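Colleague: I am new to this structure. Could you take me through a few of its details?

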Amino acid sequence: MKKIALVTGGTRGIGHAISLGLRKDGYEVVATYHGNEEAAQKFRDETGCDAVKFDVANYQECEKAVQQIESAHGPVEVLVNNAGITKDGMLHKMPEENWHAVIETNLTSCFNMCRLIVPGMRERNYGRIVNISSINGQKGQFGQTNYSAAKAGMLGFTKALAMEVAAKGVTVNAICPGYIETDMTTNMKQEVLDSIIRQIPVTRMGQPEEIADLVCFLASPNAAFITGATVAANGGQYMA
Ligand code: NDP
């Protein structure tokens, strides 16, 4: 029987690697995206997988999309809440909309997607949810009150939901990547990147595949005893 995995923000960056990893593990992957049509089309051409456009921050759009995806492909067995954005700036200069955009895209999106998909997982007595948080949700980061709050919020969300669904065969875990080479980080100034790399004991940034492998394990039936966990993959930069 086919198994469906839904990866938000699954057409680019870390999400792209997660989509490929889950596909390799035998899942029929549906990736979502927000606006980058070129990356989405490249993903469709390369993988043959479906890529669906909607805003994970908008509950009504999520509801419509989840209904469409589940009727076209089947019930979602694995949900990876990966879509995320940054809008950095010091708090005393941060426009209110940058606070809301980052909280809603990174954190409220987890509520939206889980609220729609968890009832089916509970009924079927099986599910795997992996939330992609961040090292900066664990340690805080200068210029990222919005992002650090959203990513820390995801950790509390993960633990609370894990308790609620554990007896139903559903696991919920969070991964906190350190700095990973994607569009999100390669757009940073070189001197900022150099100073970050100096803080990483393994002396390099991570690769998207290094996060994808972890997601694939947590998404597998073998990870049934791991739930409510926060798993760091940061090259030793922050040891919580
Ligand atoms: P990218 O910027 O490379 O990709 C982000 C993905 O999320 C894209 O597919 C994008 O769609 C999608 N997306 C963004 N906003 C929305 C939205 N409102 N609705 C639907 N989809 C959306 O990010 P990364 O791969 O670098 O990051 C992936 C996750 O990992 C994020 O949650 C990020 O916070 C987290 N992370 C990243 C780290 C890093 O170093 N890169 C470190 C720690 C955590 P589109 O292509 O259409 O724009």
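Colleague: Which backbone oxygen does the side chain of Asn146 reach at 2.8 Å?

Modeller: This is a predicted model, in which local features need pLDDT of at least 70 and side-chain atom pairs count only at pLDDT 80 or more, while totals for chains, interfaces and linings use all residues. Residues are numbered from 1 along each chain as its sequence is written, and side-chain values use heavy atoms, without hydrogens and water. A polar contact is a pair of N or O atoms within 3.5 Å; within protein, one must be able to donate a hydrogen and the other to accept it, and residues adjacent in sequence count only if both atoms are side-chain atoms. The side chain of Asn146 reaches the backbone oxygen of Asn98 at 3.2 Å, and at 2.8 Å that of Lys87.

Colleague: How many residues of strand 6 are buried?

Modeller: In a regular strand the side chains alternate between the two faces of the sheet. Both faces of strand 6 are covered, with Val170 among the buried residues on one side and Thr171 among those on the other. Strand 6 (residues 170–177) is largely enclosed by the rest of the structure, because the buried residues number eight of the eight.

How values were computed
Buried means under 20% relative accessible area, exposed over 50%, partly exposed in between (1.4 Å probe, protein chains only). Helices (H or I, at least four residues) and strands (E, at least two) are DSSP runs, numbered from the N terminus.
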